[in-house]
Amino acid sequence: MSSYYPPITYIVPPSEDGWLLKTILQKRMDVSRKLLSRLKMTEQGIMLNGERVYISVKVAGGDRVEIRMEQETSADILPQDIPFDILYEDEHLLVVNKAAGIIVHPTHGHYTDTLANGVVHYWAAKGEQYRFRPVHRLDQETSGVLVIAKNPYSHQHISEQMIAGTVDKRYAAFVHGVPASPAGDIDGPIDRDPAEPHRRIVTPDGYPSLTRYEVKEVYGDRAARVELKLETGRTHQIRVHMSSIGCPLIGDGMYRHPLYGRGPAAERLAGAAGQAGAVLTAAAYEPAEPEPPAPQKLSAEEAEQLAGIAELDAAIPRQALHAVRLSFKHPLGLEELVFEAPLPPDMALLEHKLRHDA
């Protein structure tokens, strides 16, 4: 016999007396067509006053409508004792503060050491069964708030909110340079780079992509802290969009400042900065001494600028991007949930350095 998660219940009010059960399920309980088809095939998937019925029956005021989803597991994900930071959990959702450097879900050639492996182990240790269902993704090197649904109903609801644009996703980033305007929209279609398919570029033939930004702090003309809100969710969207306006993310090895492309000397400088791996402390910061670029490829002003860029990139081992805030409506109670994750240590130390240098 199947095991079920606790039922989701709806009591029919007098004003809906005589409605079809199908209408109640779709219009009042917001069950999607896909989930409805699945529930119809489940023994106790749809119940009216404790009895299994067809969705074509009519309901009466005071009737109790219940849907039940069968318990699931992620049998293809190996449980591993990987610690992670939990921001919130109930029987429908798990919200975590993902660390930088960890992949969300196993991929081809990378089946272990992911957030999914840790979450599956965590649930198993508590004697609970859920399938790992991230509602959205974060890049491996991006940290911050991530939502995981525990059942198809919760996944459907939050996904629909994202499609409708009612989920508020905010990111904190440190970028090279300062955007020309203190706030603005970056409306640039994004698609794969034909020359390097793992990269993305802004191109007229790309998919519509919109990022809203606001400058929160300026560190001379060298760098800035920005807050970003995603209106679409393209791969690498923030990294591509900020690079497209001349303000690439500090530490981003894929979407680097264009000065890095100015010949062999610039490449050597980038490598030297990366190997330096400067360690920041809150008490003091001693800047590294990068190899000076060759003057034949760069002007003196450009050489000085590139040295500063390389120094900042060496100050953090990944792109300085953090999902700092996420808000949406709970799939059942529909109350607004707001989750925030403070800057992780590496970005907090980068902020300290930028303020110190400025």
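Predicted model: local features only at pLDDT ≥ 70, side-chain atom pairs only at ≥ 80, totals over all residues.
Start with the largest nonpolar core. It holds 52 residues. Leu25, Met29, Val65 and Met242 touch the most other members. Helix α3, residues 115-125, gives the most to this core, with five residues.

Now take Val65. Leaving aside residues up to four places away in sequence, Val65 touches Ile8, Thr9, Tyr10, Val12, Leu21, Ile24, Leu25, Met29, Met47 and Leu48. Two of the core residues named above, Leu25 and Met29, are in both lists.

Next, the sheet. Four strands form an open sheet, ordered β1-β4-β2-β3. The pairing is antiparallel. Strands β1 (8-11) and β3 (51-52) are the edges, and each pairs on one side only. Strand β2 covers residues 46-48 and pairs with β3 over two bridges, in the antiparallel sense. Met47 has Arg52 of β3 as its bridge partner. Met47 is also one of the residues that Val65 touches.

Return to α3. Which residues of α3 are buried? They are Leu115, Ala116, Asn117, Gly118, Val119, Val120 and Trp123. What do these buried residues pack against? Three strands: β5 (85-89), β6 (93-98) and β8 (143-149). After α3 comes Gly127. Its phi is positive, near 75 degrees.

Technical notes: Residues numbered from 1 in each chain as written. Heavy atoms only, no water. Core = buried A, V, L, I, M, F, W, Y, C linked by side-chain atoms within 4.5 Å. Buried < 20%, exposed > 50% of the residue type's maximum accessible area, 1.4 Å probe, protein only. Contact = heavy atoms within 4.5 Å. Pairing = 2+ DSSP bridges.
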